Amino acid sequence: MTKKAVLLTGGAGFIGSHTAVALVNAGYEPVILDNFSNSQPAVLNRLEQIVGRALVCERGDVGDSAWVQSVISKHGICAVVHFAGCKAVGESMADPLKYYVNNVAGTISLLKAMQAAGCRLLVFSSSATVYGDPATSPITEDFPIQSANTYGATKVMCEQMLAEMSSSDNRWRAGVLRYFNPVGAHPSGLIGDDPSGVPNNLMPYVTQVAAGQRPMLDIFGDDYETEDGTGVRDYIHVQDLALGHVAAVRTLLEGASSFTVNLGAGHGHSVLEVVRAFEAASGQQIPYQIAPRRPGDVAAYYADPSAAARLLGWHAKHDLNDMCTDAWRWQQYASQNSSKT
Ligand code: WQD
């Protein structure tokens, strides 16, 4: 029987590459589409090493609607997972146009291509950032949506477009996945988070300090109203996140109507807890200093993931120790292969 082909836009990126492996393991045929603006073509060789066979990759831009349509038709794509986009909050405030072009116009271009090719099942990478500064946690999907920055605004706009597409035509069905804080790496150590320049996010910064590439971690604030004063977030292992995508694809293919779910562990960890867990997992000391709060940060938030359990049969299985152990294995591989290629 021919395997069902699933298009992954941004499939060479952090979450896309892990999802490609998870789809292969679940019996699907991932087709990776990437322009490599924020990933390395060499990721493909490492993916092929992990899955033990060749994978299909189409190099190009999601903004080229006619080309994307031809890719969908050529490979008989039955569903699309749309990862491609920019995700740095600070950059989105400095260069909003880049975010509206890549994230909003990119999604419009993809939707046009899908419409023209007659493929109307989409899993969309959204983010807990759409909740802005939530009043309480755990956060359920019906919490108010508010965008505190341009990056968040682009996710809100795309979610709205998808909701309107599905209500205008029930052949359009979308699974919107709101990620909390994805970290960790594939247990092989061959793929992981590979930010260019100075990492914005906590885990890649910690791994680079552990590897001696940066002298110390700045902890942004220790005077929040949390147990130890540092910010609390819902960290989720990228392997769990990848399985969430497989479950979303499967659920749509089985005929489910559109849904929006949080993908999180359902509990939070403070920055200091992450530092301690990483030290234990890596055997390395993480020097740190307390720095001023980062503008825009909130004290604490974590998901109520029960909708994902109910609709997708999904829940996070990996703990903070797994996240740190796998992130450290990847960092060591990346350090030894300095260009990470
Ligand atoms: C986590 C905690 C920081 C770096 C961001 C985006 C969000 C989503 C995930 C995509 C906070 C603290 C961090 C450092 C620190 N992205 N920290 N020193 O801000 O929760 O979420 O990434 O969808 O949209 O906003 O994640 O990893 O940056 O921070 O003390 O050098 O670590 O203050 O408490 P965040 P993060």
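**View 1. A nonpolar patch on the surface of the predicted model.** In this predicted model, the side chains of Leu97, Tyr100, Val101 and Met157 form a nonpolar patch on the surface, and together these residues have about 360 Å² of accessible area. The element that gives the most to the nonpolar patch is helix 5, which covers residues 96–117 and supplies three residues. Tyr100, one of the residues of the patch, has its place in helix 5. Tyr100 has a relative accessible area of 30%, and it therefore counts as partly exposed, since that class lies between the limits of 20% and 50%.

**View 2. The residues around the ligand.** A shell of 19 residues surrounds the ligand, and the closest of them are Tyr151, Asp218, Arg233, Arg294 and Asp297. Sorted by residue type, the shell around the ligand is made up of nine nonpolar, six polar and four charged residues. Strand 8, which runs over residues 217–220, provides the largest share of this shell, with four residues.

View 3. Side chains of opposite charge can pair when their charged atoms come close. Asp297 and Arg294 form a salt bridge in which the closest N and O atoms are 3.2 Å apart. Asp297 has a relative accessibility of 23% and so counts as partly exposed, and Arg294, at 34% relative accessibility, likewise counts as partly exposed. Salt bridges that share partners join Arg233, Arg294 and Asp297 into one network, and these three residues are also listed among the closest to the ligand.

**View 4. Two further salt bridges.** The count of salt bridges in the model comes to 10, and this view shows examples. The side chains of Arg178 and Glu159 meet in a salt bridge, with a distance of 2.6 Å from N to O. This pair links distant parts of the chain, for Arg178 belongs to strand 6 (residues 173–179) and Glu159 to helix 6 (residues 150–168), and the two are 19 residues apart. Both Arg178 and Glu159 are buried. Arg171 forms a salt bridge with Asp169, and here the closest N and O atoms are 3.0 Å apart. Asp169 counts as buried because its relative accessibility is 17%, and the limit for that class is under 20%.

View 5. Leu217 has its place in strand 8, the strand of residues 217–220 that gives the largest share of the shell around the ligand. With a relative accessible area of 3%, Leu217 is buried. Along the chain, Leu217 and Tyr205 are 12 residues apart, while their C-alpha atoms are separated by 7.0 Å.

Technical notes: Residues numbered from 1 in each chain as written. Predicted model: local features only at pLDDT ≥ 70, side-chain atom pairs only at ≥ 80, totals over all residues. Heavy atoms only, no water. Patch = residues over 30% accessible without salt bridge, like charges linked within 9 Å, V, L, I, M, F, W, Y side chains within 5 Å. Areas by Shrake-Rupley, 256 points an atom, 1.4 Å probe, with all protein chains shown as cover. Salt bridge = Lys/Arg side-chain N within 4 Å of Asp/Glu carboxyl O. Buried < 20%, exposed > 50% of the residue type's maximum accessible area, 1.4 Å probe, protein only. Near = heavy atom within 4 Å. Nonpolar A, V, L, I, M, F, W, Y, C, P; charged D, E, K, R; others polar.
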